[in-house]
Amino acid sequence: MTADIRELISKHGNLSVDVATLADEADLYAAGLSSFASVQLMLSIEDAFDIEFPDRMLNRRSFASIAAIQACVDELTADRKAA
Amino acid sequence: MDQQASLLDKLFATGLLVETGVQGLYGRSGVFEDVIARFDALVSRLGAFQKAEVLRFPPAMPRAWFERSGYLKSFPNLAGTVHAFCGNDQDHAALLECVAAGDDWTGGQKATDIVLTPAACYPLYPVIARRGALPEGGVTFDLQSYCFRREPSSEPTRQQLFRMREYVRSGTPEQVQAFREEWMDLGQKLIAMVGLPFTVDVANDPFFGRAGRMMKMTQREQALKFELLVPVNSEENPTACLSFNYHQDHFGKTWGIETADGAVAHTACVGFGLERVALALFRHHGLDVTEWPAPVREALWGTE
Ligand SMILES: [Zn+2]
C-alpha cells in the first residue's frame, strides 16, 4: 500500500505538484523534491515505519519515486511480516 | 606516544606553534606565518588570470546571515556564536563572585548579533545577491579568512581557528562547473610545485546526525565535493588540504542570486586550508625551512 508513503510525501516532500496526481513510477525529483526535502522525507519514513535505512539505501535512487520508496520499505519490513 | 601527538609536540618544541592549553587553538611563529604568506602569494600568482575581485571579511559574520545560510541545518555542532555580558552593576558583581569562586559565570552571557565565520565564503553570498543580477560572464571572488569550527583535536591539522583561502565563482551551471574543473587541475599543479605527495578523491562534508547520513551519501553520489589529500598525520588518513566544492543552486536559491538571464545562479568554490598546507610542508620537508628542497624554496620564496 503506497497510501502511507503518499501521505508522508505530501507532508514533507514540498513538491510543486499534488502527490495524488503522481503515478507510483513518477520521478519525484522532477516533481520538485529537493535534496533537503528528501532528507526530511527519509527521516519521516524511518519514524513512521520504525525502520532505519542502511547506508546502501541512502541515495537518490531510493527516493526517486513512490515505487522506489515502497520497495525499500518492503525490504526493510520483510522479516517482520514473515514472523 | 602516537605519531599524531609527536608531530604536534615537535611543532611546540621548535616554537612553530605555540601551545595555549586548548586543543586546536595555537599561536604561530614568524617562520610559520611566513610559510603561510608565501603559499598564499603563490595561490594569488596561480589564480591571477581570473582577475578575481578581492574581498576580506573579519572572522565573523552577522548572525542573521548565518541563520539564513542554512549552516545550522547541516553543522549545528561546529558553529561558534559570540556571546557578551549585557547586565548591570549588580550582575557584574555576581559575575565576578562566580569567577572568584570558580563557578560557572557564563550563564548570564547573551547571544550577540555576531557568529564566527564557519567557511570563508559564507559572508560573500548575501553581498553578491545585494548587487543584483550577475554580469554575462558571472563573477569570481578572492577571499581569505580565519574560520571557526568547534572540533577540538590533538591532530595539528584539525584546528578550531584556522585560515581558509578561497576562490568563489557564481554564474551559470556551465561557468561554475568549468571553474571547478580548472581548479581541480590547477590545485594539483600547485601542490606538485611545493613538492608534496597527494591524491584527489570524492568527499563529503561532516553533516550532523541522522539527516546527515543521507546528506553525506547524496553529496558523494553527485560528486559535489572533491578533496586534495596529503598524508600529514598518517598515510592511512591523509589530510584534506584543498577542497573543490560545487554547491549547485543552494546558495543561489538561499540568497536570491540571479544570472544575467534571470535564472537561479549556481556557485562553486575552491578552498585552500592554509595551516594544513603549511603543516604538510613542515611534515614532508622538515621543520627547518632553510633545509627545504631548492625547487620548493624557489616556488615559495622565488630566487632570492
Ligand atoms: Zn567556500
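This is a predicted model: local features need pLDDT of at least 70, side-chain atom pairs count only at pLDDT 80 or more; totals for chains, interfaces and linings use all residues.
How many salt bridges does the rule find across the interface of chain B and chain A? The answer is four.

**First stop: the interface**

Display both chains and select the residues in contact. On one side are ten residues of chain B, and on the other 15 residues of chain A. About 1,200 Å² is buried between the two chains, with carbon and sulfur atoms giving 63% of that area. Next, select Arg210(B), Arg213(B) and Met214(B): together they supply 48% of the area that chain B buries against chain A, more than any other three residues.

Now colour helix H8 of chain B, residues 209–221. This helix contributes eight residues to the side of chain B that touches chain A, the largest share. By residue class, that side of chain B divides into four nonpolar, two polar and four charged residues. If polar contacts between chain B and chain A are displayed, the count is five residue pairs, both members being at pLDDT 80 or more.

**Second stop: the zinc ion**

Centre the view on the zinc ion and select Cys121(B), Glu166(B) and Cys269(B). These are its protein donors, through SG, OE and SG respectively, at 2.2 to 2.3 Å from the ion. Along the sequence, the spacing of the donor residues is C-x44-E-x102-C. Colouring by secondary structure shows that Glu166(B) belongs to strand E8 (residues 161–171) and Cys269(B) to strand E12 (residues 266–273), so that this pair, 103 residues apart, links distant parts of the chain.

Switch to a surface coloured by accessibility. Glu166(B) counts as buried because its relative accessibility, 2%, lies under the 20% cut-off. Cys269(B) is likewise buried, with a relative accessible area of 4%.

Select His266(B), which is placed in strand E12 of chain B. Is this residue buried or exposed? At 14% relative accessibility, His266(B) counts as buried. Finally, show the surroundings of His266(B). Leaving aside residues up to four places away in sequence, the residues it touches include Arg169(B), Ser170(B), Gly171(B), Val176(B), Gln248(B) and Asp249(B).

Note on methods:
Residues are numbered from 1 along each chain as its sequence is written. Chains are lettered from A and ligands numbered from 1 in the order in which they are written. Side-chain values use heavy atoms; hydrogens and water are left out. Donors are N, O and S atoms within 2.8 Å of the metal (3.2 Å for Na, K and Ca); water is not among the atoms, so sites may look incomplete. Helices (H or I, at least four residues) and strands (E, at least two) are DSSP runs, numbered from the N terminus. Buried means under 20% relative accessible area, exposed over 50%, partly exposed in between (1.4 Å probe, protein chains only). Contact means heavy atoms within 4.5 Å. Buried area is the accessible area (1.4 Å probe) that two parts lose on being put together, summed over both. A salt bridge is a side-chain nitrogen of Lys or Arg within 4 Å of a carboxyl oxygen of Asp or Glu. A polar contact is a pair of N or O atoms within 3.5 Å; within protein, one must be able to donate a hydrogen and the other to accept it, and residues adjacent in sequence count only if both atoms are side-chain atoms. Ala, Val, Leu, Ile, Met, Phe, Trp, Tyr, Cys and Pro count as nonpolar, Asp, Glu, Lys and Arg as charged, and the others, Gly among them, as polar.
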